[in-house]
Amino acid sequence: MRQYELVERVKAYDPNADETGLNRAYVFSMVRHGAQTRASGDPYFSHPVEVAGISTELKLDSASIITALLHDTVEDGVATEKEIRSLFGKEIARLVDGVTKLSKVELPSDPTRRQSENFRKFLLAMSDDIRVLLIKLADRLHNMRTLHFIREPERRRRIAAETMEIYAPLAERIGMQTFRDELEDHAFAELNPEARDSLEKRVAFLRESNTDLIDRILAELRATIEQAGITADVGGREKRLYSIWRKMETKHVPFEDISDIVAFRLIVSDVETCYRALGVIHTAYRMIPNRFKDYISTPKPNGYQSLHTTVIGPEQRRIEIQIRTPEMHEVGEIGVAAHWVYKQQSGDRLKSREGRQYRWIRELLEILEHASGPEEFIEHTKLEMFRDQVFCFSPKGDLITLPRGASVVDFAYAVHSDIGDTCVGAKINGRHAPLRTVLNNGDQVEILCSQGQSPDPQWENFVVTGKARARIRRFIRLQENSEYERLGRSMLDNAAQAIGQTVTDRAVAAISPKVQVRNADQVYVCIGRGELSCKAVLRLMFPELVSDQDTPIEVEPRRTTDGAGPIPIRGLTPGMAVHLADCCNPLPGERIVGVLIEGKGVTVHTIDCETLEQFADAPERWLDLSWDREQTGESLFTGRINATLRHQPGSLNALTMAVARSHGNISNLKITYRSPDFFEMVVDVEVRDVRHLTNIVQTLRTEPAVFQVDRVQS
Ligand code: MN
């Protein structure tokens with residue numbers, strides 16, 4: 001952007017702009033940055049000019065634009081603070097100093113002490129003058145737009161993580177929605193390119209297959225509003241990819257329709273008309289309960305005002321509509337910056353409003369002054385800013401992003417499976433910490449390993465990532481198998497002795513094909529699990545000694561296959577074959593996803609099913625599904641439970657009666673293990689939904705004959 005263009009832009013919204021100051025700052029910055037270049041190869045000077053340009057979009061005052069032009073001169077050492085003060089005055093010098101201080105705040109991979117010290121400086125600089133933050137956000141936005149030019153992937157990731165962690169939440173906090181959206185989207189592209197790509201493809205597909213839909217909806221909305229005699233600017237805006245992603249993640253809802261990714265907006269002249277327009281919309285279309293929000297009478301803490309509602313709108317599409325005045329719209333888009341626009345008109349009223357809105361910065365500073373230690377302070381501030389992720393670092397500085405609540409063990413598995421399997425302890429920020437410690441933002445984690453160590457089943461109680469859980473489960477299964485093997489071996493030995501015989505591994509291996517397992521070990525495992533009786537095995541080995549009669553009663557596993565009626569699930573392509581997965585037995589009321597298997601159709605799993613791990617690398621095969629509430633009413637689904645009963649008369653009867661009392665129907669039952677005191681069984685029960693099954697499990701827990709009962713999902 002040329003010098004005169006910038007000046008013209010400022011003068012367009014501020015006729016009293018400091019033209020001389022702007023010109024001098026432009027030239028000063030250009031001369032001082034001289035031959036420096038950016039990663040893109042552009043002259044460095046293009047950056048402060050772009051930042052100034054972004055600041056004009058926010059209609060900031062001349063002092064802010066001048067500061068934007070000068071913002072990197074002191075930090076880059078091409079000018080001194082003294083020079084700035086004598087050439088541009090105290091106010092500009094203070095603003096430049098504030099931006100410079102903010103620039104020094106980095107997402108630290110250093111011990112907590114420096115982290116909180118940085119954060120303190122950050123807040124101090126902001127609390128002085130909110131314009132510092134606005135310019136810094138413009139600076140960050142330009143840096144994010146040009147992030148891809150940076151060659152070192154580590155640096156790109158660090159900057160993106162920092163943007164996600166500090167700048168985007170701050171932008172949101174001061175109501176700069178468009179900034180926040182764009183910052184997050186650039187960071188998303190860097191931190192999770194695969195997810196963003198597949199989301200983008202999906203949105204593009206929806207957009208292409210619905211080219212006229214949005215126009216038709218807009219036309220009908222316009223006609224509806226006009227008929228009621230209201231003048232409104234009716235528009236639709238496609239949501240940013242990251243905000244779609246976040247909504248899917250936090251609210252656990254799939255997006256299935258083009259109307260899910262477009263927000264419709266009515267802009268009307270004044271507050272009264274907002275409510276009248278709302279009345280018209282609610283009269284014309286059925287509203288969806290619990291989705292209406294009145295942010296006009298109760299603005300958000302960041303000053304945002306608007307009416308929000310969701311209706312079954314034109315063409316029977318569920319759509320979101322926001323109703324607001326032009327002023328509210330501007331505040332909604334650029335937040336605090338919008339107040340500069342209305343400065344002239346509203347005068348003093350602005351001051352008090354600003355005071356109220358920025359009280360949180362001062363409150364943070366107060367916590368800082370009174371917090372007993374830096375850790376406590378970080379707790380207070382970052383927790384509020386951060387919702388669902390923590391960013392941690394390896395000793396080398398690699399960024400590991402984990403879901404909130406993740407433990408040291410999750411971190412270890414995220415680094416490498418072997419590191420997870422053999423971890424014995426950790427150092428967090430240089431201090432020893434137990435494996436179950438929950439990690440915080442900015443933690444630097446060093447995992448201590450020991451060869452020959454193996455995963456502890458207890459870990460399952462606190463890990464939160466799928467990868468960690470899957471590995472631990474796998475290990476437990478292996479361990480269980482070896483226990484069953486030992487048990488089966490001793491059971492068979494005892495049974496053989498009873499008929500005066502001994503069994504050898506070789507003899508057992510010889511009959512293993514007849515019971516359809518691979519080898520002797522597997523035969524023992526099956527006996528231990530109760531899937532094969534000793535008698536049946538001995539009969540194969542010593543046909544002359546063991547008679548055919550009085551074979552033990554065994555209920556063979558016989559899973560009812562998928563019910564006759566259609567499965568009431570939304571999000572499927574009509575005609576596609578679908579079945580509920582055997583591993584997790586999903587029930588209505590649970591979050592589900594579909595996996596497309598070539599030649600077999602769609603398998604439906606619960607969202608936390610381990611089997612999904614196998615498809616982690618193939619997001620294109622995942623389908624967002626949900627239960628169709630209106631149609632699940634009649635159908636019954638198979639839930640599977642594992643029960644341990646006391647080995648006493650009437651136990652089984654107590655179980656079946658309890659299930660029947662809870663209106664469940666037992667469709668299958670298999671005894672998996674017997675001992676003199678207990679027997680274990682797997683029971684399939686037909687239920688309406690997950691609550692029904694939970695109810696049955698709870699009822700069984702109250703039965704004295706039932707020692708233990710749990711839902712099976714593996
Ligand atoms: Mn800069």
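The expected span of a helix is 1.5 Å times one less than its number of residues. Helices here are DSSP runs (H or I, at least four residues), numbered from the N terminus. This is a predicted model, in which local features need pLDDT of at least 70, side-chain atom pairs count only at pLDDT 80 or more, and totals for chains, interfaces and linings use all residues. Residues are numbered from 1 along each chain as its sequence is written, and side-chain values use heavy atoms, with hydrogens and water left out.

**Helix α3**

For the 12 residues of α3, at 1.5 Å a residue, the span should be 16 Å; the end C-alpha atoms are 17 Å apart, which agrees. Buried means under 20% relative accessible area, exposed means over 50%, and partly exposed lies in between (1.4 Å probe, protein chains only). Nine of the 12 residues of α3 are buried, so the helix is largely enclosed by the rest of the structure. Among them are His47, Pro48, Val49, Val51 and Ala52. The buried residues of α3 pack against α1 (3-13), α2 (19-33), α4 (62-70), α8 and α10 (177-191), where contact means heavy atoms within 4.5 Å. Just after α3, lysine 59 has a positive phi of about 55 degrees.

**Manganese site**

Donors are N, O and S atoms within 2.8 Å of the metal (3.2 Å for Na, K and Ca); water is not among the atoms, so sites may look incomplete. The manganese ion has protein donors His47 (NE2), His71 (NE2), Asp72 (OD) and Asp139 (OD), at 2.2 to 2.4 Å. Their spacing in sequence is H-x23-H-D-x66-D. Histidine 47 lies in α3 (residues 46-57) and aspartate 139 in α8 (residues 130-145), so the pair ties together parts that are 92 residues apart in sequence. Both histidine 47 and aspartate 139 are buried.

**Glutamate 8 and the cysteines**

Glutamate 8 belongs to helix α1. From glutamate 8 to glutamate 19 the separation is 11 residues in sequence and 9.1 Å in space, C-alpha to C-alpha.

A disulfide is a pair of cysteine sulfur atoms within 2.5 Å. By this rule the count is zero disulfides. Cysteine 609 is in no disulfide, and its nearest cysteine sulfur, that of cysteine 583, is 3.5 Å away.

| Residue | Relative accessibility | Class |
|---|---|---|
| Glutamate 8 | 45% | partly exposed |
| Cysteine 526 | 11% | buried |
| Cysteine 609 | 11% | buried |

Definitions and conventions:
Helices (H or I, at least four residues) and strands (E, at least two) are DSSP runs, numbered from the N terminus.
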